[in-house]
Amino acid sequence: MLVLGISGGIIPCWDAIAMFGFAVSAQRLRLALYLLLAFSAGLAAVLIATGILVVRIKRLAASRWEDRRFFQWLPLVSAAVVTVLGLWLCYDSLHHYHSQ
């Protein structure tokens with residue numbers, strides 16, 4: 001949830017910046033502001049819905065499968081998968097960078 005908040009709130013969204021830039025370049029400043037407001041409201045709605053969904057699914061899963069060994073290991077397994085994917089992406093990007 002923290003990463004979703006950071007990506008949606010702190011880091012600038014290049015799609016919104018491009019949309020705003022195109023509307024300003026067309027000398028439609030009011031349209032640019034409305035588009036930016038709609039884009040931000042949509043992003044906020046998606047982040048809120050995702051957060052609510054994650055909390056509800058976690059509660060449902062905990063009530064049904066909390067005693068199972070796999071459910072207890074799931075946070076560790078998911079962290080390992082994300083770490084391995086991140087390392088693989090880093091390796092792959094460095095490999096392609098040096099081959100060019």
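Trainee: How many helices and how many strands are in the chain?

Mentor: Keep in mind that this is a predicted model. The chain has four helices and zero strands. Read from the N terminus, the elements run α-α-α-α.

Trainee: And what share of the residues is buried?

Mentor: Buried residues make up 5% of the 100 in the chain.

Trainee: OK, on to the helix pair. At what angle do the axes of α2 and α3 cross?

Mentor: At roughly 165°, and the two axes come within 8 Å. Here α2 covers residues 14-25 and α3 covers residues 29-65.

Trainee: Left-handed or right-handed crossing?

Mentor: The crossing of α2 and α3 is right-handed.

Trainee: Which residues meet there?

Mentor: From α2, the contact involves Asp15, Ala16, Met19, Phe20, Ala23 and Val24. Their partners in α3 are Leu29, Ala32, Leu33, Leu35, Leu36 and Phe39.

Trainee: Why would contact residues in a helix be three or four places apart?

Mentor: An α-helix has 3.6 residues a turn, so residues with that spacing point the same way.

Trainee: What about the span of α2 against the expected one?

Mentor: From first C-alpha to last, the twelve residues of α2 reach 16 Å, close to the expected 16 Å at 1.5 Å a residue.

Trainee: Different topic. Where is Gln27?

Mentor: Gln27 sits in the loop between α2 and α3. Its phi is positive, about 60°, although Gln27 is not a glycine.

Trainee: Is Gln27 buried or exposed?

Mentor: Exposed, because its relative accessibility is 74% and the cut-off for exposed is over 50%.

Trainee: Last one, Leu37. Which helix is that in?

Mentor: Leu37 is in α3. With a relative accessibility of 60%, Leu37 also counts as exposed.

Trainee: How far apart are Leu37 and Ala16, in sequence and in space?

Mentor: They are 21 residues apart in sequence, and their C-alpha atoms are 9.7 Å apart in space. Ala16 is one of the α2 residues that meet α3.

Terms used: Residues numbered from 1 in each chain as written. Predicted model: local features only at pLDDT ≥ 70, side-chain atom pairs only at ≥ 80, totals over all residues. Heavy atoms only, no water. Axes fitted to C-alpha atoms, helices over the stretch in contact; angles between N-to-C directions. Helix = DSSP H or I, 4+ residues; strand = E, 2+ residues; numbered from the N terminus. Left-handed = near helix turned anticlockwise from the far one by under 90°. Contact = heavy atoms within 4.5 Å. Expected span 1.5 Å × (residues − 1). Buried < 20%, exposed > 50% of the residue type's maximum accessible area, 1.4 Å probe, protein only.
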